[in-house]
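Here is a short report for a first look at this model. Keep the sequence and the 3D view open while reading.

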Amino acid sequence: MFQWLNRLSLGRGQEDWFVKALNKDFRELEFLALDLELTSLDPQSGDILSIGYVPIIEGFICPGEGRHCLISEHSGVGDSAIIHGIRDCDTDDGHTMEEALAELHQARQGRVLLLHHASLDLAFLAKHDNSYSSLLAVDTMRIEYQRRNRQGQAVANSLRLNQCRERYHLPTYKAHNALTDALATAELFLAQMSYMGGEERMSLGEVLSLSR
Amino acid sequence: MSEESSIEVQEIEQFLLDCVPFDHLEDALLQRAAKAVKIAYHRQGTTPNLFQEENPRLFIVRSGAFEIRDQNNALVDQVDVGGYFGFPSLLTGHKVTNHCVVLEDGLLYQIDETTFQSLRRENRIFDRFFNQAHAKRLRQAVRFKERNSQLTETVADVISRSPITIHTMASVREAAGKMTEERVSSLLVVTEEGLCGVLTDRDLRSRVVAAGLNFDVPVAEVMTTDPITVAHDAMLFEALMIMSTHNIHHLPVIDLDASGKGQIKGILTATDVIKHQRSEPVYLIGEASRVKDRAGLVQIARDIPTLLRNMIARDARAEEVGRVVTTVTDAITRQLIHQAIEQLGEPPVPFVWLAFGSQGRQEQSAKSDQDNGLLLSNKVKPEHDTYFKALASYVCDGLNECGYVYCPGDIMATTDRWRQPLEKWQACFFRWIDQPSPKALMHSSIFFDMRMIYGEEPLFEELQDSVLERCQGNSIFLASLTHNALQLTPPLSFFKKFVLTRDGEHKNTFDMKLRGVMPVTDIARIYALATGCKEVNTLKRLQQISQGKMLALKDARDLCDAYEFISHLRLEHQGRKMAAGEKPDNYLSPEDVSSLSRHQLKDAFDVVSRSQSGLKLKFTRGMM
């Protein structure tokens with residue numbers, strides 16, 4: 001049933017945890033909502049400017065345990081500053097990629113990654129750590145895509161994070177940074193779950209199926 | 001902690017900063033609170049199991065709207081963005097018995113007990129806020145909070161002491177002794193039946209001493225008999241109006257019960273009122289009764305929009321706003337009549353200046369047209385019409401200059417049809433009542449909201465009494481009125497969604513006057529005419545009708561609440577328009593109000609809909 005399982009890239013000893021987790025209700029598990037700010041949308045030429053993440057623990061988002069990491073190693077923010085507002089000088093005191101990835105790796109332990117448009121951010125991360133290229137993550141954009149497809153609604157141009165959030169009456173956030181977007185993604189995820197499963201049990205396996 | 005720690009919870013901190021009392025927390029405490037926040041999403045219509053006995057928490061609404069109900073499912077509180085719940089059990093440690101219903105999709109922040117208690121311990125304002133919020137909850141949700149502004153003070157607020165009375169058979173000597181002893185300038189004269197007169201120190205001077213009377217004469221011989229009184233819940237400026245209209249300085253204050261019997265509460269003197277004259281409407285009304293020319297009144301009328309804006313800003317009740325604004329209009333109208341009489345000489349026969357529609361009902365707000373008429377004594381002769389035509393022109397022109405534009409339907413004293421002797425007015429009303437056609441009634445219903453602004457009270461009463469008598473039990477007339485009233489329904493669909501205007505200038509709005517306020521005034525009018533109720537103000541009508549059998553007390557109260565809520569939202573909307581420098585109108589977009597207000601508005605509309613159904617059942621049985 002879960003053929004995509006073979007795409008999993010898990011550390012040694014993690015397979016067991018994951019297989020058990022697949023049958024658990026998502027409210028019994030932990031997720032890590034993740035977002036990156038990038039200098040471009042092209043993984044070949046672009047760099048990661050910042051990494052933001054927020055855990056969801058047993059159905060509750062815990063922003064107090066979130067983290068925002070600016071990365072100092074990049075080839076200049078260029079025009080992308082218009083989008084995220086990060087200037088070159090802001091990242092001068094930032095972390096090296098190695099430090100940031102180590103922290104992220106630590107934060108991921110025992111948690112399922114959660115992203116909006118996962119393939120893009122994972123491609124950027126894979127440039128630095130190949131294990132991300134085959135990592136399985138929950139993707140709120142894919143969940144929305146499938147949901148709208150099933151409802152027979154137009155999908156084109158309706159899947160941006162804020163567009164999706166509006167459908168669930170989630171508030172609009174002014175700030176645009178990796179941490180806020182990670183929080184926004186986490187909230188969207190809980191809203192989607194609430195609409196699709198309600199109070200019903202929903203296993204991680206089902207959640208992953210919904211986000212294929 | 002790393003340098004970025006404060007950035008990390010920025011979104012949360014920013015939100016908390018907008019919430020009293022979190023905005024009073026020191027930076028470190030605010031960060032502690034923000035770090036402790038956990039977020040969950042709740043979908044509309046669900047009843048999440050939020051209250052866990054072993055794990056009480058403070059809930060803060062980040063978005064959406066929530067309802068708290070007790071174990072009997074009675075409503076305890078409704079909260080939307082920035083609102084709190086869950087705190088009572090944190091404060092008392094008592095078992096939670098409430099539950100929560102999600103009215104609108106939303107995010108809930110929650111803060112655990114340990115953090116909440118530490119914030120209480122370390123910040124006094126935080127602690128006090130939740131204690132007060134708890135106390136307020138205990139007092140039970142009064143839907144419309146009490147407000148105490150100078151503007152809206154009632155007579156009862158001002159009279160400072162219990163009434164000083166004297167028996168009608170006491171001598172003037174005794175009376176003078178009592179006045180000196182109590183240090184008052186007037187006494188209320190009573191019999192076993194109740195109030196029968198007023199005795200002032202001026203009466204003692206002019207009617208006793210100056211007249212050379214024996215000091216043993218009974219008070220009854222020198223007092224002012226059957227004095228004009230004021231209700232204890234009348235507003236202060238209304239009392240002032242009475243004083244200036246009748247040129248008196250002492251007003252006995254009466255508490256009327258449902259049977260119309262009065263209990264003496266005290267006496268209001270001009271000095272009492274002057275002490276409170278700083279508030280604007282009192283000032284405006286006082287000024288209006290002094291100025292000698294039309295230009296002066298125009299000047300005063302210019303201040304009405306400011307008065308209205310201020311009252312809305314101070315969150316006055318819509319009912320109070322209506323009464324205040326209308327009282328200023330009444331004062332201007334009366335002064336115009338005074339000025340006209342000064343120019344034209346005394347009227348040849350008695351007359352009454354009538355106000356209809358919103359002025360009649362004391363429900364004016366911004367943008368009121370004039371609706372008025374002249375009721376003349378049956379003794380009027382054709383040659384007198386020149387006089388009354390001139391009077392009407394002076395007053396209507398003056399009102400127009402003051403911003404009460406001419407009635408587009410010509411319902412004005414300047415129109416010959418609406419300047420008639422009593423018998424013609426009666427014939428006109430009787431025609432509407434006896435041969436009702438819905439179309440004719442559509443335009444004449446505002447005439448049934450008539451009030452005397454100036455003139456001979458007996459003349460007015462004769463008209464009012466005969467009209468009310470004719471209406472009662474006239475089922476075809478009442479059915480026709482009902483038929484018309486049911487044409488305007490609240491803008492709610494079968495599924496309780498707002499029905500909005502689809503296109504045109506006012507797209508995606510609904511007309512708060514036409515679909516919100518007017519349906520209730522229609523309902524109140526029909527019940528009033530059916531029961532012979534003399535009140536014309538919508539709330540007073542409903543209150544009085546609820547004493548009878550026609551409308552259940554609870555239904556009347558619900559309808560009063562709904563009416564006040566709808567009117568208040570309409571006023572707020574007009575206030576926003578005026579604040580933005582735009583012309584106030586009645587077109588409200590549901591998007592312009594908070595989600596909580598939207599819910600309450602739906603509830604209010606629902607009450608109106610149900611009242612309309614009740615009306616239909618009662619008055620159109622088998623007829624339409």
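In chain B, strand 12 and strand 13 (residues 250-256) run parallel, joined by 2 bridges. The model they belong to is predicted. B:Val230 sits opposite B:Val253 of strand 13 of chain B. Helix 10 (residues 236-246) of chain B packs on the sheet. This helix touches strand 12, strand 13 and strand 14 of chain B, and its direction makes about 135° with that of strand 13.

The sheet is open and has 3 strands, in the order 12-13-14, with mixed pairing. Strand 12 (230-231) and strand 14 (262-269) of chain B each have a single partner strand, so they stand at the edges with one side lacking a neighbour in the sheet.

Next comes the contact between the chains. Chain B gives 24 residues and chain A gives 25 residues. Several elements of chain B each supply at least two residues to the side that touches chain A:

| Element of chain B | Residues |
|---|---|
| Helix 1 | 5-8 |
| Helix 2 | 10-17 |
| Helix 3 | 27-36 |
| Strand 1 | 38-42 |

Strand 1 of chain B gives the most to this side, with 5 residues. By type, the side of chain B that touches chain A divides into 10 nonpolar, 5 polar and 9 charged residues.

Now the cores. The largest nonpolar core has 131 residues, of which B:Leu375, B:Val395 and B:Ile526 touch the most other members. Helix 15 (residues 318-344) of chain B supplies the largest share of this core, 10 residues. Another core, of 88 residues, lies apart from it and includes A:Ile71, A:Tyr132, A:Tyr168 and A:Ala191.

Conventions. Residues are numbered from 1 along each chain as its sequence is written. Chains are lettered from A and ligands numbered from 1 in the order in which they are written. This is a predicted model: local features need pLDDT of at least 70, side-chain atom pairs count only at pLDDT 80 or more; totals for chains, interfaces and linings use all residues. Two strands pair if DSSP finds at least two bridges between them. Helices (H or I, at least four residues) and strands (E, at least two) are DSSP runs, numbered from the N terminus. Two residues are in contact if their C-beta atoms, placed from the backbone, lie within 7 Å. Axes are lines fitted to C-alpha atoms, for helices over the stretch in contact, and angles run from 0 to 180 degrees between N-to-C directions. Ala, Val, Leu, Ile, Met, Phe, Trp, Tyr, Cys and Pro count as nonpolar, Asp, Glu, Lys and Arg as charged, and the others, Gly among them, as polar. A nonpolar core is a set of buried Ala, Val, Leu, Ile, Met, Phe, Trp, Tyr and Cys residues joined through C-beta atoms within 7 Å. A residue is buried if 20 or more other C-beta atoms lie within 10 Å of its own, exposed if 12 or fewer, and partly exposed in between; C-beta atoms are placed from the backbone.
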